[in-house]
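This report goes through one protein structure step by step. Look at the sequence and the model first, then read on.

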Amino acid sequence: MHRHGRSPESEADARDGHPHRPPLRPHEDGAQAARLAAAGQMTPDAALSLQRAAGNAAFVAVQRMPQQDNGEGPAEEKPMDGLSRLRRANARAEKRGQAAVTYGPGQSPFGPYTVNKGRGAGPYITSNKKTQYPGSEDLGTTYNELVQALDAEHEPMVAAAARGEALDEELLAGMSVTQKRAAAMLYGIMKESEERRFPGAGKAMRGALTKQGDAYHEAEEFDEDFPMAKEKGAQYYRDVLAGKKQLSDKARKNLEDMSSSSSDGEKSS
């Protein structure tokens, strides 16, 4: 099957300066530096030096540092480490609970999918090209196949759809039937399956999908950002919470980068 967004040709385009994948990471952002300077946290020159040396992650960390009380409102929330974010997402999801599984047809903003009984805690999501996606290419059910079927700008749309946000209609209309099929299945997996395998996993998956929109983030990195894409991934998260295993660097970074807001929950079914 032809992979629409991650072919060797597209990666060659990136190295040659393709407009959608610039060859160099931007390390200077005057607007961000100005915001830091305005907050009284560092001078513009110091802010630019920090970004040149450490990239945007350093800006995020500094911007989240509590500010001194100046009468202008509460200080921003301190950043949380990956394990704390995972534990909090799990606890919040456990408290919300899960509705009973409804097997059969499911619907997403990208098109239909089918909810089947799985072997474990979560349902198994499938689709077909005979009745649901006529004209689509053959498509498997693994994360690797689904993620690689999409262009970089599509995965963040799946995350946004799960949050109930309005989608870019022009971008949606430009997706091929196979891409809509892959997006619908990822949506179904996130909403119907992964939250039941490990409560809170949907939020981590949305974070990993959002990362795929980064021009420098490869499709192959998805299962490193979101370990539940691998075999026994739900058990891995449980072992992490139990102190039996440690988060990998990429899994930890994905958790630290995801939204800390409790409002970043999945749209109600």
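The protein chain has 13 helices and three strands. Helices (H or I, at least four residues) and strands (E, at least two) are DSSP runs, numbered from the N terminus. The model is predicted: local features need pLDDT of at least 70, side-chain atom pairs count only at pLDDT 80 or more, and totals for chains, interfaces and linings use all residues. Residues are numbered from 1 along each chain as its sequence is written, and side-chain values use heavy atoms, with hydrogens and water left out.

**The chain as a whole**

Of the 269 residues, 43% count as buried. Buried means under 20% relative accessible area, exposed over 50%, and partly exposed in between (1.4 Å probe, protein chains only). The accessible surface of the chain is about 14200 Å², and carbon and sulfur atoms account for 51% of this surface. Such areas come from the Shrake-Rupley method with a 1.4 Å probe; for residues, only the protein chains shown count as cover. A contact means heavy atoms within 4.5 Å. Among contacts between residues at least 6 apart in sequence, 64% join residues at least 24 apart.

The three strands form an open sheet in the order 1-2-3, with antiparallel pairing. Two strands pair if DSSP finds at least two bridges between them. Strand 1 (104–108) and strand 3 (124–126) are the edge strands, each pairing on one side only. From one strand to the next, the twist averages 35°. The two pairings are listed below.

| Strand pair | Bridges | Direction |
|---|---|---|
| Strand 1 and strand 2 | five bridges | antiparallel |
| Strand 2 (residues 111–116) and strand 3 | three bridges | antiparallel |

Strand 1 and strand 2 form a hairpin, with two residues between them. Ser108 stands opposite Gly111 in strand 2. In the other pairing, Val115 has Ile125 of strand 3 as its bridge partner. Helix 9 packs on the sheet and touches strand 1, strand 2 and strand 3; its direction makes about 45° with that of strand 2.

**Helix 12**

Helix 12 (residues 233–241) is mostly covered, as seven of its nine residues are buried. These are Gly233, Ala234, Tyr236, Tyr237, Asp239, Val240 and Leu241. The buried residues pack against helix 5 (82–96), helix 9 (177–197), helix 10 (201–211) and helix 11 (222–225).

Asp239 lies in helix 12. Its relative accessibility is 12%, so Asp239 counts as buried. Apart from neighbours within four places in sequence, Asp239 is in contact with Lys244 and Lys245. Just after helix 12, Gly243 takes a positive phi of about 80°.

**Helix 10 and helix 13**

The axes of helix 10 and helix 13 (residues 249–257) come within 9 Å and cross at roughly 100°. Axes are lines fitted to C-alpha atoms, for helices over the stretch in contact, and angles run from 0 to 180 degrees between N-to-C directions. Helix 10 and helix 13 are therefore roughly perpendicular to each other. Angles under 35 degrees count as roughly parallel, over 145 as roughly antiparallel, 65 to 115 as roughly perpendicular, and the rest as oblique.

Helix 10 contributes Ala204, Gly207, Ala208 and Lys211 to the contact, and helix 13 contributes Lys253, Asn254, Leu255 and Asp257. By class, this contact has three nonpolar, two polar and three charged residues. Here Ala, Val, Leu, Ile, Met, Phe, Trp, Tyr, Cys and Pro count as nonpolar, Asp, Glu, Lys and Arg as charged, and the others, Gly among them, as polar.
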